[in-house]
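This report walks through selected helices, loops and packing contacts. The sequence and the coordinates come next, and the discussion follows them.

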Amino acid sequence: MRIPPKVDYSKCTGCGACYRECPCDCYTWNEAKARPIMSRPKECWHCGICEFECPVNAVDVALPPQSWTEINKRFIVPMGRPPQERIG
Amino acid sequence: MKVQRSDVLIVGGGIAGCFAALAASKTAGTVTLLEKSTVRRGGAVGPGMDQIMLGIGGPVPGAPSLEDAYKRTLADEVTGNVASFSSLVDPNIEMYNARDSYDRLLDWERFEPKIREEDGGYSVTFIPERFFFTLNVRGANLKVRLGEGILRIPNVSVVERTMGVDLITSGGRVFGAFGLNTRTGEVTAYLAKATVLTSGIAARQYIETPESLFMTWHCPNNVGDGQAMAYRAGAELINAEFGFLDYASCREGGGVFGLHPFDRMPIIKNRLGERVIKRREDHERRVYLMAREVAEGRAPLYFDCSEMPEEEFKILDRNLDHEYPITRKWFRQRGIDIRKDLVPIQLVPAGLYLSVLSDENGATSLGGLYAGGDTMAGEGSLAGATLTGYRAGTSAALYSRRAEKPELNDVQATELEELVKAPLERDGGYDPIDLEEAVRGIKTDYVGFYKTEGLMRKGVDLITRLSETYLPRIGASDPHGLMRCAEVRSLLEISEMHIRASIERRETRFARMGMMHHIRLDYPERDRAWRKWIVVRRREGEMSLSTRDIPHLKGSVRENIDAEIARRRR
């Protein structure tokens, strides 16, 4: 479930701050409507910068629900007892 | 191809790049700074930072002095400035970091006065277990202020939304870099007499959370572009085998629980509610011990803040508003009250220590090329970036004053432009992000935290095949896509360096430190004979590995530090 930042266009003034500062360049700019579009939700880092940069609180960055879980996946393999006595 | 000339070119506008620009602007005529995103928000500190780790405190009461650090280095111990390690670190770099530590803090304060408290003093947390302390800073806008400061320097030209894709080389020397504008797709030759690489850590290496690509503790713009560019130009790199494991309380903003002394930090608990770190001496290797809990099936892990001393909790609580402040909102979303509830944490493979081999002044093995911040092997983190970035900038500026006029290698320029833009020509080419997911998946399953030679050999074979089969077929529909294609090209090379060096180092090292790790199940003990670097470089188109002894303290560095200690005594 992807939860990209949401822009509330009823508040958005079209200042372009989110488009200007997004580190991953997830927003593009709609020239006709003079407002940002969240075009690359797959590349969002959820860093919160667009929300902080927005002067009128029109952007909402939420944590994707799948990361409400806290169990490590894959990288550290459950393996019973690793040979820790001999390490270090 | 469009050509832009300057005396010094800096690739990467995070903390290290900004400090390199600051330093270079003082003596070089013109400085150009390339940044993939923006200079106000680019880099790992873009969303804010709560602590600055320092080794030497200048006038901070009770802080260790340069002399203390010198004695420690001479005794071949951990100098502990920022996150240094007991070995495999160049002591010359450590000593210069110790020397410059307080000066860089003063530089910071020119940009962001909120490093100090309202009363003009510092909020200091001493970590008795380690030879350093941290300043708690109200740093939500640390990078914004620094970036705006750099934009005001008249002889620094900041070029945003532009990533470095390759170094411009001729006769084994570096003359700048090619930059790709990720919004227009234009490739420009940024010719310079001296070049500084400060493009950050090699993050995006493993699958941290399978469902999403960029969920990495580190800034996802940090792919290790600088390291890969240096590699392709023939520079020497080290520490490719070492991973960086950290814990995160949400997905990003891992360090929001910051550094605290052992008896004043949140208690780390496992699934059974047992305390994971029981003794003060285990504090140093806490990440390693946490990994063991996961391996032995006692995850998830939690922070329990309920018994923290009130004053320490207040600092932690305030820090939440400054390091990646979005984190507080996430705790709210999940209904977590950090004072009362257990706070879930997970271990995150945050990147590699892969770095361009550089000396104490940031000089690499190639003429005209310097490196700073996480791109070089010195010290990571925010303070390390200011220290090594600044020195690399200074050295590059000095070099530029005696260097010859840079020349563009036309053949290289044409080939590079074709290579970078080729994905635009491929209608229906494969998505570079899908290729990245595959590479990260292979590394996660075949390398992972506990390494064995057999699996790693299989892994490197798979990655080579993946690279041969799919790299020539990735496509882009816009300039932004070209950036992702250029990144995955670097990522594949870095992955190969990582696995080959991991196979080569037949020992287990840094298991005790935990955060920096290379754990071999087939060579589970630390081996003194391996107290050396594995150097990776490209020779005649092939990846070659060799070993190098860790340098001793140089006579010139000793003289410099002796003189500095004498000066400070007066």
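## Basis of the description

A residue is called buried if 20 or more other C-beta atoms lie within 10 Å of its own, exposed if 12 or fewer do, and partly exposed in between, with C-beta atoms placed from the backbone. Helices (H or I, at least four residues) and strands (E, at least two) are DSSP runs, numbered from the N terminus.

This is a predicted model, in which local features need pLDDT of at least 70 and side-chain atom pairs count only at pLDDT 80 or more, whereas totals for chains, interfaces and linings use all residues. Residues are numbered from 1 along each chain as its sequence is written, while chains are lettered from A and ligands numbered from 1 in the order in which they are written.

Helix α6 of chain B (residues 286–295) has seven of its ten residues buried, so it is largely enclosed by the rest of the structure. The buried residues are B:Tyr288, B:Met290, B:Ala291, B:Arg292, B:Glu293, B:Val294 and B:Ala295. They pack against five strands of chain B, namely β11 (243–248), β12 (267–269), β13 (301–304), β14 (343–352) and β18 (516–517).

After α6(B) comes B:Gly297, with a positive phi near 85 degrees. The peptide bond that joins B:Ala299 and B:Pro300 is cis, with omega about 0 degrees, and B:Pro300 is found in the loop between α6 and β13 of chain B.

Strand β18 of chain B, one of the strands against which the buried residues of α6(B) pack, contains B:His517. B:His517 is buried, since 25 other C-beta atoms lie within 10 Å. Its C-alpha atom is 9.5 Å from that of B:Tyr450, although B:His517 and B:Tyr450 are 67 residues apart in sequence.

## Helix α12 of chain B

Helix α12 of chain B (residues 453–470) has 18 residues, which at 1.5 Å a residue should span 26 Å, and its end C-alpha atoms are 25 Å apart, which agrees; the expected span is taken as 1.5 Å times one less than the number of residues. Within α12(B), the residues B:Met456, B:Gly459, B:Val460 and B:Ile463 are buried. They cover an arc of only 95 degrees around the axis, which puts them on the same side of α12(B), the arc being that of the directions from the helix axis to the C-beta atoms. An α-helix has 3.6 residues a turn, so residues three or four places apart point the same way.

On the other side of α12(B), B:Gly454, B:Arg465, B:Glu468 and B:Thr469 are exposed. The cover over the buried residues of α12(B) includes α11 (432–446), β17 (450–451) and α13 (479–504) of chain B.

## The crossing of α3 and α9 in chain B

The axes of helix α3 (residues 91–111) and helix α9 (residues 381–402) of chain B come within 9 Å and cross at roughly 100 degrees. That makes α3(B) roughly perpendicular to α9(B), a class that takes angles of 65 to 115 degrees, while those under 35 count as roughly parallel, those over 145 as roughly antiparallel and the rest as oblique. Axes here are lines fitted to C-alpha atoms, for helices over the stretch in contact, and angles run from 0 to 180 degrees between N-to-C directions.

Two residues are in contact if their C-beta atoms, placed from the backbone, lie within 7 Å. On the α3(B) side the contact is made by B:Tyr96, B:Asn97, B:Asp100, B:Ser101, B:Arg104, B:Asp107 and B:Trp108, and on the α9(B) side by B:Ala383, B:Gly384, B:Thr386, B:Leu387, B:Tyr390 and B:Arg391. By class, the contact of α3(B) with α9(B) has five nonpolar, four polar and four charged residues, where Ala, Val, Leu, Ile, Met, Phe, Trp, Tyr, Cys and Pro count as nonpolar, Asp, Glu, Lys and Arg as charged, and the others, Gly among them, as polar.

## Chain A

Chain A has two helices and four strands, in the order β-α-β-β-α-β from the N terminus on. Buried residues make up 35% of its 88 residues.

A:Ala17 lies in helix α1 (residues 17–21) of chain A and is buried, with 20 other C-beta atoms within 10 Å. Leaving aside its neighbours within four places in sequence, A:Ala17 is in contact with A:Glu53, A:Cys54 and A:Pro55.

## Positive phi outside glycine

A:Ala34 has a positive phi, near 50 degrees, in a residue other than glycine, and its place is the loop between β2 (27–30) and β3 (35–38) of chain A. With 12 C-beta neighbours inside 10 Å, A:Ala34 counts as exposed. B:Arg161, likewise not a glycine, has a positive phi of about 50 degrees and sits in the loop between β6 (156–159) and β7 (162–170) of chain B, but B:Arg161 is buried, with 21 other C-beta atoms within 10 Å.
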